[in-house]
Amino acid sequence: MTDTALALADLDFDRYDHVRPIRWTGEALELLDQRLLPFSVVHEVCRSSDEVAEAIAKLVVRGAPAIGIAAAWGVVLAARSIEVTRAQTALHQLEPALQRLNAARPTAVNLMWALARMRRALATADGDWRAALEREAQAIEREDLAANRRMGALGAALLAPASGVLTHCNTGSLATAGFGTALGVIRAGVAAGRVARVFATETRPWNQGARLTVWELMQDGIDATLIADSAAAHLMKTGQVQWVVVGADRICANGDTANKIGTYQLAIAAKHHGVKVMVVAPSSTVDMATAAGDAIEIEERDPAELLSFRGERVVATGVRAWNPVFDVTPHALIDAIVTERGVVEQPDAARMRALFG
Ligand code: MRU
């Protein structure tokens, strides 16, 4: 384990971080609708936990940490719909709403982690339990932003000056409370002069890279080049990238990592070309209860996401499609896992245990 970070004080965090996907108004949860970006910047207003669960399932809000934060606010909304005075009774009555939030998406462990935190906050609340839930949701959001900044400093320290990086999906402010995980490392790397070239994959079929990542970087004045997913190995061969920097939806006890579909093939191509692979995720994404990647449930979404583009069918009628939206990268293909608690280099079960118990 290493713990070398760029000096936090030297990084101008706000300069490169302008987008926020989640706003709590005190009455409702406003979610920047990521289905409509980059051409429409519209917020969907959720006033109940079921509306939040639906927004998570439909990818209005997405990205593992952002899903967890939205779910925590969903619990705050659920608490407003029941009329009980005792926290213990509330715990019982809120459980169905929590279960529906939990079922919204299966792969990102942050969702169940955030709900477990909310349950604990309720179980230990004395006095105003609704206020305790609101404080906990705020804490989850605040801690995520702080973790991302810390990971940015830790991850950027691994990059040699003027490196080229390739990222996949969207792991930025849009996917978190702000700053981002892998994109946070890239932000910090740009701020510190460690990153000279940023490449982002389209990330078919939902195009998180094409619609979200390069837009988000543009808001922050960070130059990035979009590539087709299928151009990644060729890009590596040109020598323009030294690191693949990605996020995670679940990191197992042995370091195996579930992330957006296509991460696995990027890691294989990286190994072949001597390009390093960095996974960046808060400790809320680490799931020490799951021994290895085979046990992770991989979300499969509607094949229509593959068969159509912006609602218009582009594939012949009658063609079938298979749409798994995550894959698992074996730990042997990962050079470093960066969390706010520290960096695990060449991760395996023993090294993961040393940091996460
Ligand atoms: O389906 P999505 O867009 O929610 O998938 C997101 C990813 O796979 C991200 O890489 C991951 O959640 C990390 S986000 C900081």
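**Thr 339**

I started at Thr 339 and found it in strand β15, which covers residues 336–339. This is a predicted model, so I'm reading everything here as computed. Buried or exposed, I wondered about Thr 339? It counts as buried, because its relative accessibility is 0% and the cut-off for buried is under 20%.

Next I looked at what surrounds Thr 339. Setting aside neighbours within four places in sequence, I get contacts with Met 151, Leu 154, Ala 281, Ser 283, Val 286, Leu 355 and Phe 356. I also checked the polar side of Thr 339: a polar atom of its side chain sits 3.1 Å from the backbone nitrogen of Arg 341.

**β15 and β16**

Then I asked how many bridges pair β15 with β16. There are four, and the pairing with β16 (residues 342–345) is antiparallel.

**The β1-β2-β3 sheet**

Moved on to the sheet with the order β1-β2-β3: three strands, open, antiparallel pairing. Which strands are at the edges? They are β1 (22–24) and β3 (43–46), each pairing on one side only. From one strand to the next I note an average twist of 20 degrees.

I followed β2 (residues 29–32) across to β3: four bridges join them, and they run antiparallel. Leu 31 has Glu 44 of β3 opposite it. Helix α1 (residues 49–57) packs on this sheet and touches β2 and β3. I noted the angle too: the direction of α1 makes about 145 degrees with that of β3.

**Two domains**

Last, I looked at how the chain is divided. Domain 1 is 19–146 and domain 2 is 147–356. So where do their centres lie? The C-alpha centres of domain 1 and domain 2 are 25 Å apart.

How many residues of each domain are in contact across the boundary? I have 33 from domain 1 against 39 from domain 2. Between them the two domains bury about 2900 Å², with 54% of that on carbon and sulfur atoms. On the domain 1 side, I noted Val 19, Arg 62 and Thr 107 as the residues that lose the most area to domain 2. Together these three account for 23% of what that side buries.

Methods. Residues numbered from 1 in each chain as written. Predicted model: local features only at pLDDT ≥ 70, side-chain atom pairs only at ≥ 80, totals over all residues. Heavy atoms only, no water. Helix = DSSP H or I, 4+ residues; strand = E, 2+ residues; numbered from the N terminus. Buried < 20%, exposed > 50% of the residue type's maximum accessible area, 1.4 Å probe, protein only. Polar contact = N/O pair within 3.5 Å; in protein donor to acceptor, adjacent residues only side chain to side chain. Contact = heavy atoms within 4.5 Å. Pairing = 2+ DSSP bridges. Axes fitted to C-alpha atoms, helices over the stretch in contact; angles between N-to-C directions. Domains from an automatic or database assignment. Buried area = accessible area lost by both parts, 1.4 Å probe.
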